[in-house]
Amino acid sequence: MPIDHALKERLTIVQARIGAAAYKAGRDASSIRLVLASKTQPSEAIRAAYQAGARDFGENYVQEAIPKRADLADLTEIRWHLIGHLQTNKAKTAASAFSLIHSVDSVRLAEALARAQPSPRVHALVEVNLGGEASKTGVAPDGVAPILDAARGKIEVDGLMTIPPPGPTAEAARPYFARLRELRDSLATQSGYALSELSMGMTDDFEVAIEEGATIVRIGRAIFGERESKSLKK
Ligand SMILES: *Cc1c(COP(=O)(O)O)cnc(C)c1O
C-alpha cells in the first residue's frame, strides 16, 4: 500500500501542535499519547495512518471495531481504545478487544467488566460528565468514587475521561478540563488510586486540554478530515 502523503502530513502537523502545546505548558511531549478517533473510517484509512506512524486508535462502537480489528490483525503494534459509550451487554466482548476502555460510567458496567476477567486485566478510565444536562454520557463527579470501589482489585482504573459540552471556542472547554484534573487530584488523595491518565481534548480544543494536563488526546477530524456522517459528529 503506497504512503498516503496527505494523511501523513496532517498527522505530522498534529504531532507538532501537541509538541508545541506541551512545550508551552512546560511538559514533556512524550507524556501525551495521541489516540486517532477512527469512527466511520474504513480499515484502509486506519492502515494508512498506522503506516504513517500512528499506533493508538479509538473506536466508538464495539460492533464497528470488531471487524476492523480483524481486518488489521497483521498490524502487530496497534492498540485499540474504546472511546464511545459501552453497553453492559457488550462488556465481555469489549474487555478482550480493547487495550483501554475510556468510557466506564456506572458501577454496573465496572462489575460487568470485572466479571469478564480477561487476561491481562482490563484497563479503563471513568468517563465523567462535567456539563450536567449538556453532555450526554459519563457519570456525575460524585459517582466516580463508587465506581472506583467496585473496580478495586478487579479492573485497572488508570484515570478519568471527559467530553466537555460543545462550546464556541477552545477556551470555553478550559474550565471543564481544569475541573477533571482537580477531580482527579482529590480522588487520587482519597481513593489511593493514582489515576495518572486524563483523556481529554479533541480536534477543536486539544491544545487547551494539554495545557490543563491531558495525558491522552483523542483526535479525528484534524487527521482523517471531516467525517461524512454528521450524526456521528460530536
Ligand atoms: C469523535 C470523537 C473524538 C474526536 O473528535 P474530533 O473532533 O474528530 O477530533 C474524540 N472523542 C470521542 C469520544 C469522539 O466520539
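**Close-up views of the salt bridges**

**Figure 1. Lys24, Glu171, Arg174, Arg181, Glu211 and Glu212 form a linked network of salt bridges.** A salt bridge is a side-chain nitrogen of Lys or Arg within 4 Å of a carboxyl oxygen of Asp or Glu. The model is predicted: local features need pLDDT of at least 70, side-chain atom pairs count only at pLDDT 80 or more, and totals for chains, interfaces and linings use all residues. Residues are numbered from 1 along each chain as its sequence is written, and side-chain values use heavy atoms, with hydrogens and water left out.

**Figure 2. Glu211 and Lys24 meet through their side chains in a salt bridge of 3.2 Å, N to O.** This pair links distant parts of the chain, 187 residues apart, with Glu211 in helix 8 (residues 206-211) and Lys24 in helix 1 (residues 5-24). Helices (H or I, at least four residues) and strands (E, at least two) are DSSP runs, numbered from the N terminus. Glu211 is partly exposed at 26% relative accessibility, whereas Lys24 is exposed at 63%. Buried means under 20% relative accessible area, exposed over 50%, and partly exposed in between (1.4 Å probe, protein chains only).

**Figure 3. The side chains of Arg47 and Asp74 are joined by a salt bridge of 2.9 Å, N to O.** Arg47 belongs to helix 2 (residues 43-51) and Asp74 to the loop between helix 3 (62-71) and strand 3 (79-82), so the bridge ties together parts 27 residues apart in sequence. Asp74 is partly exposed, with a relative accessible area of 48%.

**Figure 4. A salt bridge of 2.9 Å, N to O, connects the side chains of Glu77 and Arg55.** Both residues are in loops: Glu77 between helix 3 and strand 3, Arg55 between helix 2 and strand 2 (56-59), so the contact ties together parts 22 residues apart in sequence. Glu77 is partly exposed at 46% relative accessibility, and Arg55 is partly exposed at 24%.

**Figure 5. The chain as a whole contains 9 helices and 8 strands.** Its radius of gyration is 17 Å, close to the 17 Å that the globule rule gives for 234 residues, so the chain is as compact as a globular protein of that length. This radius is taken over C-alpha atoms, and the globule rule is 2.2 Å times the number of residues to the power 0.38. Along its principal axes the C-alpha trace spans about 50 × 40 × 35 Å. Of the 234 residues, 51% count as buried. The salt bridges come to 18.
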